[in-house]
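Subject: Handover of a structure and notes on what was found

Dear colleague,

Please find the structure below, followed by an account of what was found in it.

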Amino acid sequence: MEQQKRYGHFDDQHREYVITDPQTPWPWINYLGNEDFFSLISNTAGGYSFYKDAKFRRITRYRYNNVPMDNGGRYFYVKDGDTVWNPGWKPSKTPLDFYECRHGMSYTRITGRKNGVEASVLFFVPLKKWAEVQKLTLSNQSNETKNLKLFSFEEWCLWNAATDMENFQRNFSTGEVEIEGSTIYHKTEYRERRNHYAFYHVNTPIQGFDTDRETFVGLYNEFANPDAVMEGKPRNSHAHGWSPIASHYIEVTLAPGESKDFVFLLGYIENEQDQKFAAPQVINKDKAQALIAELNTTEKVDKAFAELNAYWDALLNIYKVKTGNDKLDRMVNIWNQYQCMVTFNFSRSASFFESGVGRGMGFRDSNQDLVGFVHQIPPRARQRIIDIASTQFPDGGCYHQYQPLTKRGNNDIGGGFNDDPCWLIFGTVAYIKETGDFSILDEMVPFDNQPGSEVTLFEHLKISMDHVIKNLGPHMLPLIGRADWNDCLNLNCFSWDPNESFQTTENVSEGTKAESLMIAGLFVVTGKDYVALCKKIGKDAEAERMQQAVDSMIEAVKKHGWDGEWYLRAYDFYGRKIGSNECEEAKIFIESQGWCTMAEIGADEGMVAKSLDSCKKYLECEHGMVLNNPAFTKYIYEYGEISSYPEGYKENAGIFCHNNPWVIIGECIAGRGNDAWSHYAKILPSYVEEKYQTLHKVEPYVNCQMVAGKDAYKPGEGKNSWLTGTAAWMWYTVSEFILGIKPDYDGIRIDPCLPETATDYTVQRKFREADYEITIHPNGAQKGVKSITLDGQPVAGTVIPYSAGKHTVEVTM
Ligand code: BGC
Ligand code: NOJ
């Protein structure tokens, strides 16, 4: 293989990925903020900030899919004599003498050096604060005194990120700002119904400013060479309409060896209706000033940064593995868990592939994300479960998405995705197993957020199961509805009109008969969980009732869902097989193999082993397992969006990383550790880091949603990084099924499934009020625990009974 160019490397000690070349194959981003105030930041300081909801409370403006790429961000311009440069290289793109971007846990540090001056900016959102801190340190590393001109730059978004991009006839007349001292306030629409404003502050007197974009940049210039910066002269412009911005101008003199800190603060404030104004037309700035006062010195900011680091120390101390294999340890201990927090926070709303305006929080997505996050901050997971369940309908169906700001169902995509209800059981069971908190089942939760409609959460789980049972098709398999997990397998859509959405168009004329084997497997897996939960809380009759439904589903799959070498994928509207050897294309699909093997359907008859073998034979390639094989080469009216994608991309035979773990877990349950590991390592970022640098394109420290499959033009190319269910599933797979540390109602179940080559390893696991140090001795076994001791005493079975305190566990396989 040819030597790949490298753009960076891991620094495990600092939990950072260090980017050493600004011209990465695609912007490599990070996320700042953990609750309420969030920012996206690329390795060249591009990106934007928002409060809670990337659509409705966008604070700064960003331009997606622009030329040049990654346009808009927080830019610092240093003018040193005739040279203008930026520490993050963009937007001036002046070649730097040194460049480095360190993406860490909820912070990013970008450092640039030019002609003996270093500018290093630390970006982060302090815990519980509605503000992004940008601590800029300017140092003179030369032998002469430097007289520098420093310009900051942010561009305001007019709050609603969707209308900001389209309603120019209005937008160009609404922009309003105030300037007071070193603070620029953005108050567009504050005069009317908004009770929020934003501000951009610096903790030093300024020698000028700009708030009108055209005045600062010059109408025919670019961010690369704004007029004010190139001339070294701010215009002190006051925006009225058009595009308001915020730019501070500071003159800085640095003796040789001297350095100075500047704390910039981008903040968001909400005022009560009767507290909005200090005087007519003048906003009440009390809260802004209070926030500034908390973060206006280097010491205060350093302290807030230390708190953020301590917060991450604590989060990452909950599950820590030591295998001696750095590539595995860094993903388990750092990056996979970090990505889980990010997906929990954002669902699929805001990334460099999700514009933040199109999609809110997904019902199924959020339930899955929760499984990767629940061990980190259980109370937030609890609240999330209640929020999600509150968007359900009385018949168990639900909105497919909801808006984070209002927590209300968002009707853009409607409902009718028939896998959705099952995921509520998946999420809730994971929460109870982690916490032992059964009281969540008694919480009163409304339907469609309607006050007065509340029933217990347990009742929501029950109607979720019933929703599947009440929607069975001619083969007694679950009706698919709009789609199941695969949003693009639209078997009841039937569209020839390019102006119709695959997601919402529905052919209902003759009733909908399409059935899903993926939901069948999901129903069996979550049904078994539901039965166990019912038994646990003494609802034996309900357990019995659901066990029968699960048994019937298993029979239906064996009878109508088996194709000979693998599980079928679905029956279409006309009752024809999908994902069968009889089909011309797409003879086998991954989703039903994953779910039916996890459900162990037909294990005794050899179905599970055959299905897993078929995945290896037909789906696996160098970069992972593809979704279906062979790819569709033409559009099929009866199948919908899946066949709209060119071969090898997205749901049409892409490596949709999200579902690889399903098969890997199937392998683990079947005890095939070698196969499980080889599938896992193929999509584990640290294992493919070198090819990730160029072929793969997107960030080498997190999973992406999709890698182009073997039928694609460029197999191995990654897309849609960061916000993907892959994060939670990779975590669930490695933490519980490969390393085998599984929270259970009464304790921790130990059941690893490893490659033969695995050596002894130790997991540090905080669990409820306990702290376990678990050492596993695999002895070359792929599966099967022979004996366990807890604090030196033998334990019967594979569950370590829970008790608070510190414990040592030894496991021999
Ligand atoms: C994508 C899916 C996605 C869906 C959401 C489709 O175009 O391929 O991955 O879930 O849109 O609306
Ligand atoms: C992305 C969506 O967010 C997720 O809900 C869906 O399951 C996958 N695409 C597959 O279509």
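In which loop is the place of proline 91? Proline 91 is in the loop between strand S8 (83-85) and strand S9 (98-104), where strands (E, at least two residues) and helices (H or I, at least four) are DSSP runs numbered from the N terminus.

Before going further, a word on conventions. This is a predicted model, in which local features need pLDDT of at least 70 and side-chain atom pairs count only at pLDDT 80 or more, while totals for chains, interfaces and linings use all residues. Residues are numbered from 1 along each chain as its sequence is written, chains are lettered from A and ligands numbered from 1 in the order in which they are written, and side-chain values use heavy atoms, with hydrogens and water left out.

**Loops and backbone**

The peptide bond that leads from lysine 90 into proline 91 is cis, with omega near 0 degrees. The loop between S8 and S9 also holds lysine 93, which has a positive phi of about 60 degrees although it is not a glycine. Lysine 93 counts as partly exposed at 41% relative accessibility; here buried means under 20% relative accessible area, exposed over 50%, and partly exposed in between, with a 1.4 Å probe and protein chains only.

A cis peptide bond also joins valine 67 and proline 68, with omega about -5 degrees. Proline 68 is placed in the loop between S6 and S7. Further along, lysine 407 has a positive phi near 60 degrees and lies in the loop between strand S24 (399-402) and strand S25 (409-415). With a relative accessible area of 33%, lysine 407 is partly exposed.

**Aromatic pairs and charges over rings**

The structure holds 74 aromatic pairs. Rings of Phe, Tyr and Trp (its six-membered ring) pair if their centres lie within 6.5 Å; planes under 30 degrees apart count as stacked, over 60 as edge-to-face and the rest as tilted.

One of the pairs joins tyrosine 48 and tyrosine 64: the ring centres are 6.2 Å apart and the planes stand at 70 degrees, so the pair is edge-to-face. Tyrosine 48 lies in the loop between strand S4 (37-42) and strand S5 (49-51), and tyrosine 64 in the loop between strand S6 (58-60) and strand S7 (75-80), so the pair ties together parts that are 16 residues apart in sequence. Tyrosine 48 is buried at 0% relative accessibility, whereas tyrosine 64 is partly exposed at 23%.

Tryptophan 423 and tryptophan 595 form another pair, with centres 5.6 Å apart and planes at 75 degrees, so this pair is edge-to-face. It links distant parts of the chain, 172 residues apart: tryptophan 423 is in helix H9 (residues 420-435) and tryptophan 595 in helix H13 (residues 590-598). Tryptophan 423 is buried at 0% relative accessibility, and tryptophan 595 is buried at 0% as well.

How many of the 9 residues of H13 are buried? The count is 9 of the 9, so H13 is largely enclosed by the rest of the structure. After H13 comes glutamate 600, whose phi is positive, near 55 degrees.

Charged ends are also found over rings. That of lysine 539 sits over the ring of phenylalanine 458, 4.8 Å from its centre, and that of arginine 768 over the ring of tyrosine 802, 5.3 Å from its centre. A charge sits over a ring if NZ of Lys or CZ of Arg is within 6 Å of the ring centre and within 35 degrees of the ring normal.

**The ligands**

The residues around ligand 1 include Arg359, Asp487, Glu641, Lys650 and Glu651, a residue being near a molecule if one of its heavy atoms lies within 4 Å of it. Polar contacts are pairs of N or O atoms within 3.5 Å; within protein, one must be able to donate a hydrogen and the other to accept it, and residues adjacent in sequence count only if both atoms are side-chain atoms. A polar side-chain atom of glutamate 641 lies 2.4 Å from an oxygen atom of ligand 1, and one of lysine 650 lies 3.1 Å from an oxygen atom of this ligand.

Around ligand 2 are residues including Arg348, Arg359, Arg364 and Glu651. A polar side-chain atom of arginine 359 lies 2.7 Å from an oxygen atom of ligand 2. Glutamate 651 has a polar side-chain atom 2.5 Å from an oxygen atom of ligand 2 and one 2.6 Å from an oxygen atom of ligand 1.

Yours sincerely
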